[in-house]
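The exercises below concern strand pairing and charged side-chain contacts. Each task is followed by a solution worked in steps.

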Amino acid sequence: MTTPTTGTGIAGMTVSGNGFTAEVAYEGATLLSWRPVSTDGGEGENLVDGYSTPAEMQSQNGVRNGILAPFTNRIPDGQFSFDGQSHRIEPVLAHEDLVFHGFARALPFALTQSFEEHGAHTLVFRAEIAPADFEGYPYRLAIEVEYRFAGHEVTIDIRGINRDDRPLPFAAGWHPYFRLPGTTSIDDLLLTLPSRTAIETDEDLIPLRGAQGGMVKRDDTRFLYAPLSGHVLDVCFTDLIASENGLYETRLENHHDGSSLTVWQERGHMHVFTGDTLARGRRQSIALEPVETPTNAFNQPELADAITLQAGETRSFRFGVRFKTAR
């Protein structure tokens, strides 16, 4: 039996429905493409700048659309303590120097559910981690990733399931890259962030801690509504401000034609990366990353409860994307 491949040659599946076509790789349950139908009814442009070849996916450069779990962003030297024990995680892939963005992005996921209901198509992928799989993370964990495609919207739910008989550390996030139709640079776009506060970091993007404890924050109101042109960002924004619907919404907009893309999340933080160091397509797309916790959460004492997943517990991190076509 052959493994289905997507248009990129990457093993995965293609799904289409009323208003969209999408591709998801089995490796990492990674979204490769999402094409909302255009205003004239034809196949639209890919709005998520995913991996374009198997080699690019193996490189993991930019962690394009990667599912981040059981930790997000970086852990300095892979070292952390949890439940009275010290651990050291090795880099996820052999060619990587840093410990970052979790194991899920490189795990083989299995499709466990695929169904249509009320005009939406839902896919559920699942992967398992055993205590011996990753040095420094001696836990039994299942990760489920659910995609729900409906017209010009995608809802994603990442679930951590503690299958161990003791607590384990877990946090989730997503590392998507977005662009809008008809644009070739993010410099042509406007960003609206629901935040007035950023986390201060060192040169390695690790949050600084204040003399009295806690992460150091700074006032940053640049992107309550502003053009991206001239801004280089790899920043976690925090203390998000809820919209009237109770969600935290980050919007990317083409002010020339009125098209927009909104990333919503139920909780957490928003990490923004303008793609200036990508091997391909620098500043052609922007990473708007909903994350459950800030960088290095496993080493932030005030986040101990937030990262702890009790024995037998399941925790969900839910977010999504809405696309609005041009005027």
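**Exercise 1. Salt bridges**

How many salt bridges does the structure hold? Then examine the pairs R105–E96, E200–R218 and R267–E292.

Solution. The model is predicted, and it holds 24 salt bridges.

Step 1. The side chains of R105 and E96 meet at 2.8 Å, N to O. Both R105 and E96 are buried.

Step 2. In the salt bridge between E200 and R218, the closest N and O atoms are 3.5 Å apart. E200 belongs to the loop between β15 (197–199) and β16 (217–219), whereas R218 belongs to strand β16, so this pair ties together parts that are 18 residues apart in sequence. The burial cut-off is under 20% relative accessible area, and exposed means over 50%. E200, at 25% relative accessibility, therefore counts as partly exposed. R218, also at 25%, counts as partly exposed.

Step 3. R267 and E292 form a salt bridge whose closest N and O atoms are 3.0 Å apart. R267 is placed in the loop between β20 (260–265) and β21 (269–273), and E292 in the loop between β22 (286–291) and α2 (304–307), so the contact ties together parts that are 25 residues apart in sequence. R267 counts as partly exposed because its relative accessibility is 31%; E292, at 7%, counts as buried.

Step 4. Salt bridges that share partners join R126, E128, E144, E146, D157, R159 and R163 into one network.

**Exercise 2. The surroundings of β9**

Which strands pair with β9, and in what sense?

Solution. Step 1. Strand β8 (residues 120–129) runs antiparallel to β9, and nine bridges join the two. Here E128 stands opposite A142 of β9.

Step 1. Strand β10 (residues 153–162) also pairs with β9 in the antiparallel sense, over ten bridges. R148 has T155 in β10 as its bridge partner. Two residues separate β9 and β10 in a hairpin, and G151 in the turn has a positive phi of about 60°.

Step 2. Seven of the ten residues of β9 (residues 141–150) are buried, which leaves the strand mostly covered.

Technical notes
Residues numbered from 1 in each chain as written. Predicted model: local features only at pLDDT ≥ 70, side-chain atom pairs only at ≥ 80, totals over all residues. Heavy atoms only, no water. Buried < 20%, exposed > 50% of the residue type's maximum accessible area, 1.4 Å probe, protein only. Helix = DSSP H or I, 4+ residues; strand = E, 2+ residues; numbered from the N terminus. Pairing = 2+ DSSP bridges. Salt bridge = Lys/Arg side-chain N within 4 Å of Asp/Glu carboxyl O.
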